Amino acid sequence: MADIAFIGLGQMGSPMATNLIKKGHRLTVYDINAQAVATLGELGVAAAASPAEAAKGAEFVITMLPNGDLVQDVLFGERGVTQTLRRDALVIDMSTIHPLHSDRLCQRMSEAGFSYMDAPVGRTSDHAIAGTLLILAGGTAEQVARATPILMCMGSELVNCEGPGMGIRVKLINNYMSIALNALSAEAAVMCEALGLPLEVAVKVMSNTPAGKGHFTTSWPNKVLKGDLTPSFMIDLAHKDLGIALDVANQLKVPTPLGAAAREVYSLARAAGRGRQDWTAILAQVRQLAGRAAD
């Protein structure tokens, strides 16, 4: 049983705090929303009048807040956590904030002699209620080991992201991909409707192809990530097929801005002489455009 200060009782924070209580931990909570605090108070938690008061005597301080400025204010502002924080306490920021802001907070906490790690979460508020969140732990090996029993009270899976700041980095990339893919998937779904193709047929097919499974786990590991660009499906053919799809969409008056943007990337790859390389060479092409590496 640990003494925990939990700061931020929003849609995710409240059920996360509730699960810590259910697992027997002693909580002191703080939020500007008095009703959220009162609701948890019915479960026997202590209510604090400030972040500093919440953190006093705590072994762990968990922040779950909407943005980095709020995290910074809670830690370093007037009546902030660091005014009362024990030197042996561990601050765990579970918010989804800008990675560079998280880096600055980590550095500032370290310079002040405090221990700080990031552990943003994946999945939804329903998973927060059920205690089945995906925890993305960024910190030193010692920090992650120490935090794991606490974090697993709120989640069913924990990934050690291998270093400070790496949790929020992988959360950012995961959200970037899933949010952008949501829009591309909507383009594809409307094309299905316009062509009279039952959506359930498309779902059945794409559930077993890179379209539904994603390239990180299907085409890339067997080709470009091994340094093998011999074609199993050429860039030239991918460009051709994408062009056909865009022409069909145009004739059916289905807007496809993401598909059109993707074709430009394939066009750049062809212009760079990659036309007869495997389609996974798009990764190598984007790396080259970013000045990251040459294949």
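Which residue in strand 3 does V29 stand opposite? Keep that one in mind for a moment. A reminder first: this is a predicted model.

Strand 1 covers residues 3-7, and strand 2 covers residues 26-30. The two run parallel, joined by five bridges. Within that pairing, F6 stands opposite V29 of strand 2. How does the chain get from strand 1 to strand 2? It goes through helix 1, residues 13-22. That β-α-β crossover is right-handed.

Now the other pairing of strand 2. Its partner is strand 3, residues 46-47. The sense is parallel, and there are two bridges. Here is the answer to my opening question: V29 stands opposite A47. So much for the residue pairs.

On to the helices. Helix 8 spans residues 166-195, and helix 13 spans residues 257-271. They pack at an angle of about 105 degrees, and their axes lie 8 Å apart. Angles of 65 to 115 degrees count as roughly perpendicular, so helix 8 is roughly perpendicular to helix 13.

Which residues of helix 8 and helix 13 meet? From helix 8, we have A180, A183, L184 and E187. From helix 13, they meet P257, L258 and G259. By class, that contact has five nonpolar residues, one polar and one charged.

Terms used
Residues numbered from 1 in each chain as written. Predicted model: local features only at pLDDT ≥ 70, side-chain atom pairs only at ≥ 80, totals over all residues. Heavy atoms only, no water. Axes fitted to C-alpha atoms, helices over the stretch in contact; angles between N-to-C directions. Helix = DSSP H or I, 4+ residues; strand = E, 2+ residues; numbered from the N terminus. Parallel < 35°, antiparallel > 145°, perpendicular 65-115°, else oblique. Contact = heavy atoms within 4.5 Å. Nonpolar A, V, L, I, M, F, W, Y, C, P; charged D, E, K, R; others polar. Pairing = 2+ DSSP bridges. Right-handed = clockwise from strand over helix to strand, strands pointing away.
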